[in-house]
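Here is a briefing on aromatic contacts and on charges placed over rings. Please have a viewer ready.

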Amino acid sequence: MLFRSGDERLDDVHFLLNNPLKIDLFTRDLASALDSAVDMRTYLGLALDRLDGTRAHAHWAVPPQAPPTDETLRATLALAAAHVDSAFAALTPSERQHLLSITPSLLARFAESGRLDEVAGAEYEHHKRALRLAKSVDITQLFSAALRVSALATALSSPHALNLPADAAPVLPSVGGTLLYARQTGLGWILVGGPDDNYYARDDILCIIDMGGDDVYVRSSAAPAAESSGVYLCIDYGGNDRYIGRAGSAIGGVDLLVDHAGNDIYQGREMAQGASFCGIGLLWDRQGDDIYRSQRASQGCAFWGAGILIDSSG
């Protein structure tokens, strides 16, 4: 049987369907490329290539970040949020919200039967509309946002690179432990946690940089609210941490999580641990003996986007 190419099938998938005996060689070559990757930019480039994207269209020439100041941190995250908005420019605000809000039930239907047309009526029509809208999302703009955020993560590969003022941080509901810095922006909170044990359970956080300790991160697995920036960055430098919910996973945006060290536990239900729907989700655990638990649509899974889970050692 000859499988013909079409806009619903990636080039890699089309090639392997027509050349099944080359699957082993293809996976070896891909594994080799992943093994040689050294930073988030390289991982994102590999994902974009596999999605038939063009790097020139994704603002690939993002300049390396110097140690970010308060101003450059906020400006870079704002640029990333602008790219996310551009990705959805072909949709009206109500269409964008419909697409994101229907995601949980859409994924549940896929997980239950693998088909959408087994249930007729309003649910089927809502899901069909969501899939049509997903095709209008500009994935290259999502990669542009991810590149901006990954440049920050690379610049902050060491806690000594942090160059933020030591402001007196306020007490925030659903946040526990010592905060060295807290700044509320129009896109969400930017928080720097101290070296002791911290707890983060807010959905209006834009960026967390945590110095260490055995921390707990709780993030909702539900679709983001309409006012969400669509951008999230979390960097944890050490400690035996626990991530509950949507860790390094994005619905309608970009979500990057880098855990540098520690024996960590990742626990989610769906859209967790390097997953995405119309987004870019990346989880990179660099060291430690870690545990990953999830039920579905997780751990390097993506629909209309990229889901990347990297566990470098342990």
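Tyr-243 is buried at 3% relative accessibility (buried is under 20% relative accessible area, exposed over 50%, partly exposed in between, with a 1.4 Å probe and protein chains only). This is a predicted model: local features need pLDDT of at least 70, side-chain atom pairs count only at pLDDT 80 or more, and totals for chains, interfaces and linings use all residues. Residues are numbered from 1 along each chain as its sequence is written, and side-chain values use heavy atoms, without hydrogens and water.

**Aromatic pairs**

- Seven aromatic pairs turn up in a search of the whole structure.
- Rings of Phe, Tyr and Trp (its six-membered ring) pair if their centres lie within 6.5 Å; planes under 30 degrees apart are stacked, over 60 edge-to-face, the rest tilted.
- Tyr-217 and Tyr-243 are stacked, at 4.6 Å centre to centre and 5 degrees between the planes.
- Tyr-217 lies in strand 6 (residues 216–219) and Tyr-243 in strand 8 (residues 242–245), so their pair ties together parts 26 residues apart in sequence. Strands are DSSP runs (E, at least two residues), numbered from the N terminus.
- Tyr-217 is buried, at 2% relative accessible area.
- Tyr-266 and Tyr-292 are stacked, because their ring centres are 4.8 Å apart and their planes at 5 degrees.
- That pair links strand 11 (residues 265–267), which holds Tyr-266, to strand 14 (residues 291–293), which holds Tyr-292.
- Tyr-266 is buried at 0%; Tyr-292 is partly exposed at 22%.

**Cluster**

- Tyr-200, Tyr-217, Tyr-243, Tyr-266 and Tyr-292 form one aromatic cluster.

**Charges over rings**

- Arg-219 lies over the face of Tyr-232, 3.6 Å from the ring centre.
- The charged end of Arg-286 sits over the ring of Trp-284, 4.6 Å from its centre.
- The criterion is NZ of Lys or CZ of Arg within 6 Å of the ring centre and within 35 degrees of the ring normal.

Note on methods: Helices (H or I, at least four residues) and strands (E, at least two) are DSSP runs, numbered from the N terminus.
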